[in-house]
Amino acid sequence: MREETGVSLEDVRRVAELANLELTAEEEPRMQRDLNAILGHIAQLNELDTEGVPAMAQVGEMLGGVAHDRGEMLRLDEVRPSLDRVQVMASAPDTDGRFFKVPKVIER
Amino acid sequence: MSLKDLEIESLSIDAVRQAVASGETKATVLAELHYDRIAREDGKINSYLALSRDRAMARATQIDEMAVRGETLPALAGVPVGIKDVLAMRGAPATAGSLILKGYRPPYDATVVTKLETAGAVLLGKLNCDEFAMGSSNENSAYGPVLNPKALDRVPGGSSGGSAAAVAADFAVATLGTDTGGSIRQPAAFCGVVGVLPTYGRVSRYGLIAFASSLDRVGPFTKNVKDAATVLQVIAGKDVMDATSSDRPVDDYVGALSKPVEGLRVGVPEEYFGEGLDPEIRAAIDGALAGLKTAGCVVKPVSLPHTKYAIPTYYVLATAEASSNLSRFDGVRFGLRAEEAKTLSEMFRKTRDVGFGAEVKRRILLGTYALSAGYYDAYYRKAQQVRTLLTRDFLAAFSEVDVLVAPVTPTPAFKLGEKTDDPVKMYLEDIYSVAASLAGICGVSVPCGETRDGLPIGVQVMGRHFDEGTMLRVAQAVETSQREQ
C-alpha cells in the first residue's frame, strides 16, 4: 500500500469518474480528507505477513459445500414464469411500455 | 377487545398465537392496536417509512377466519411484524433509506417476506434504516434519523435502527433487519432487544437490496430469545432463488432451547475486552458470564489474535462489493432519474449525484479505489487474505469451546451527531461485530442490563457456523439469569 503518497484531489476525480459519480467542488476536498483518513486506518493490514495465505471471497468455500450431482448449489435450469412486464415497467422513469427510454447514447 | 396497550408491551409470539387461537383477541384487533400506537407515538421515533395496512388487514382477517374455524394456526399466526426497507414487499415502497429509490415499488416479495406471511405473520410496513444499510447510527437515512425509544437524544444504532426501535417501542412484536458488519446486533444492543445474525447462507436473500454480497444477512429482532428462535425457524432454509443459501438441514431452534446449558464450554475472547470498552458494559458482561457459570457452563479465556484487523479488512471488502452492487442504480429502470441530463452518461452521473447521500458516495469511492488498477492486490486481495486469518481464528477457538461471549459494542447508545463528522470514529463502532460478519459465523445480541443512565447494554453470543441452536440456548440462559437478578 502506498501510504507515503496518499489520495490526491486528482485521484478523487478519477475514481469518481470510474464510479459514475459527479462530485461538487465542495464534496471533493471532503472526500479526499475522508479517504485518506480511512486508508490510513486500513494501512494497518500491512503489519501482517500474508504470504501464502489463500484469499477468501466468502465463507462457503472454507466450510465445504454439500456434494451435488448437478453442480454446487445451483437450481435446475428450467423454464419458469418471469415477472410481468407491465408491473416491471410501472417502476421505470421513462418507458414506451416495452423498452426503457434514455437520453441519447452517442454524443456529438 | 380485551388487549390493552399496556399488555402490548410484553406481548410474545406464543402469547399472540394462543390469544388468537382461543378467541381471546383477534389478529385484526392486534394489528389495529399496533397501528394506533404507531400513529400516536412513531412521530417522534420515525421508525416506519411506509405502512402496508391493506395487506396486513387482509392477512389478519384470514387468520381470524382460520381461528373461528378451529384450524391449527401456524407459528406466527397474527403476529404483527415490520420489515426493514431494504427487503422487497410487493407493491410497497422499497427505498433502502435512499432518495435514489424514491417511488420504487418492487413487483415481487422477498423470500423471507413470503415465508413470514405463509407462517401467519401480519406485515405492518417498512422500517427506516441507514441508506443502503451503510451506517451505525441510522443518521444516514435520507428520510430522517430514527431516535432511540429508550433515550430520545440517542441514536438507535444502525443500520437496522428502525427495526430495533420498532420492537423496543412495541410498534411490532418482531421485525426483520439485515446485518453486514453489525447492523442487527449493534442496534439490538442499543435499543435493548434481541437481534440475531444467522450464519451466512442460512437465510435466503432473494429480494434483499444488496450492499456487500459476501457479508449481507437477514435476521430477526424480537423481545425475547424464544421469539427469535421461532422467527428464525420460519425464515431459515434453502431457497432456489438464492444460490448462496445453504441446503444444510435447518435445526430445531425452539426445541434446542429446552436443553440445559450445563457442561457447555463458553469462550471469552480476550481481544474483545481491551482499551475503549466502557467499564459498565464490561461489568455487565462479567455478570452474564457469572450467570452462565452458575448455570453449569465452563467459562474459559480464548484468543482471536487478528481481531484488531477486522475493521480495516471489512471496510475494504464491504466497500469494494458495494461499489459493484450499487452500480445498478443509474436512473434507467427504477427510482429517481435526474431530468436535466442531455446524454446517457450525464444522466448516470447526475442521478447518482442527487440520489446518493454522502456516506454512500464515500463508500463507493473507497471501494472503487480499492478495486482500481494498481491497488487491487494491495487492498482487495490483501483484505481477502486477512479475512482467511480472521476466519481461522474462529475455527481454532471453536475447536476448544462451543460458543463465544463478548460485548456487542464498546459503548452504549451515543448521542445524535456525536460521530457524524468523523467516518473512522463511526466505523470503530463496529469493532466487536465485524469479525463475526467476515467469518460467516452466527451471533446474537441479548439484553444484559442497563447503564446507570438507563441505557441498554447488550451481550453478544457467537456460535459455530450453522449452530444457531447452541448459540440461542446460551443466549436464553443469559436472558434467564438476567430476569433472576
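Predicted model: local features only at pLDDT ≥ 70, side-chain atom pairs only at ≥ 80, totals over all residues.
Let me begin on one face of a helix: in α10(B), B:Pro279, B:Asp286, B:Ala290 and B:Thr294 are exposed.

Residues are numbered from 1 along each chain as its sequence is written, while chains are lettered from A and ligands numbered from 1 in the order in which they are written. The pLDDT is the predictor's confidence in each residue, from 0 to 100. Helices (H or I, at least four residues) and strands (E, at least two) are DSSP runs, numbered from the N terminus.

Let us return to α10(B). This helix covers residues 279-294 of chain B, 16 residues, and reaches 23 Å from its first C-alpha to its last, close to the 22 Å expected at 1.5 Å a residue. The expected span is 1.5 Å times one less than the number of residues. Which residues of α10(B) are buried? They are B:Ile281, B:Ala284, B:Ile285, B:Ala288, B:Gly291 and B:Leu292.

What do the buried residues of α10(B) pack against? Their partners in chain B are the strands β7 (265-269), β8 (298-302), β9 (403-407), β10 (442-450) and β11 (456-463), together with the helix α17 (468-484). Contact here means that the C-beta atoms of two residues, placed from the backbone, lie within 7 Å. Just after α10(B), B:Gly296 takes a positive phi of about 105°.

I turn now to chain B as a whole. Chain B has 17 helices and 11 strands. Its radius of gyration is 21 Å, close to the 23 Å that the globule rule gives for 485 residues, so chain B is as compact as a globular protein of that length. The radius is taken over C-alpha atoms, and the rule is 2.2 Å times the number of residues to the power 0.38. Along its principal axes, the C-alpha trace of chain B spans about 65 × 55 × 45 Å. Of the 485 residues of chain B, 63% count as buried. Among its contacts between residues at least 6 apart in sequence, 76% join residues at least 24 apart.

Some loop residues of chain B deserve attention. In the loop between β3 (122-127) and α6 (161-168) we find B:Ser159, which is joined to B:Gly158 by a cis peptide bond with omega of about 5°. B:Phe132 is also placed in the loop between β3 and α6. Phi of B:Phe132 is near 50°, a positive value in a residue other than glycine. Is B:Phe132 buried or exposed? B:Phe132 counts as buried, because it has 30 C-beta neighbours inside 10 Å.

B:Ser141 has its place in the loop between β3 and α6 as well. B:Ser141 is buried, with 26 other C-beta atoms within 10 Å. Leaving aside neighbours within four places in sequence, B:Ser141 is in contact with B:Gly97, B:Asn128, B:Cys129, B:Asp130 and B:Glu131.

In the loop between β11 and α17 lies B:Phe466. Its phi is near 65°, again a positive value in a residue other than glycine, and B:Phe466 is buried, with 21 other C-beta atoms within 10 Å.

Chain A has 4 helices and 0 strands, and 16% of its 108 residues count as buried. Chain A averages a pLDDT of 85, and 83% of the residues score at least 70. Where in chain A is confidence lowest? The lowest mean, 73, belongs to helix α3 (residues 60-63), whereas helix α1 (residues 9-18) has the highest, at 96.

The contact takes 57 residues from chain B and 48 residues from chain A. On the side of chain B that touches chain A, α14(B) gives the most, with 12 residues.

Technical notes:
Buried ≥ 20, exposed ≤ 12 C-beta atoms within 10 Å, placed from the backbone.
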